[in-house]
Amino acid sequence: MITRDCFPVTGYYCDNTAAAVSALNDSYCPAGHYCPAGTSYATEFPCPPGTVNNITHRKSEGECQPCPAGFYCESVGEVTPDGPCSPGYATILTLHQLLC
């Protein structure tokens, strides 16, 4: 049964604006993002700067992982770090941002 009503559970999103939704099977939260209950579209909640997430179905910001030591992650929705820190610089965590 296809319905315009969609109430996504955590780890999934539900964008029913373009077409009716028949199942959430293809609407899992993408890597780099998390989807709490009620998420409307795939990129609504990106992991914050200073974090990475290469796994789908994440449910909360707390599941975004800190950027690995020696690397920097300056953008939102990172799946992998942006790159390594320059030689002679260390990674410092300050309010969700890892600085080299």
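This is a predicted model: local features need pLDDT of at least 70, side-chain atom pairs count only at pLDDT 80 or more; totals for chains, interfaces and linings use all residues.
**Entry 1: counting the links.** I searched the whole structure for disulfides (pairs of cysteine sulfur atoms within 2.5 Å) and got three. Residues are numbered from 1 along each chain as its sequence is written, and side-chain values use heavy atoms, with hydrogens and water left out.

**Entry 2: cysteine 29 and cysteine 35.** I found these two joined, S to S 2.1 Å. The S-S torsion is about 75 degrees, so I put this disulfide down as right-handed. Buried or exposed, cysteine 29 and cysteine 35? Both are buried (under 20% relative accessible area; exposed is over 50%, partly exposed in between, with a 1.4 Å probe and protein chains only).

**Entry 3: cysteine 47 and cysteine 64.** Here the sulfurs sit 2.0 Å apart. The torsion is about -75 degrees, so this disulfide is left-handed. The pair ties together distant parts of the chain, 17 residues apart: cysteine 47 lies in the segment before β1 (51-52), and cysteine 64 in the loop between β1 and β2 (65-66). Strands here are DSSP runs of E, at least two residues, numbered from the N terminus. I looked up burial too: cysteine 47 is buried at 0% relative accessible area, and cysteine 64 counts as buried at 7%.

**Entry 4: cysteine 67 and cysteine 73.** This disulfide has S to S 2.0 Å. What is its handedness? With 70 degrees about the S-S bond, the link is right-handed. Cysteine 67 is buried at 6%, and cysteine 73 is buried at 1%.

Conventions:
Helices (H or I, at least four residues) and strands (E, at least two) are DSSP runs, numbered from the N terminus.
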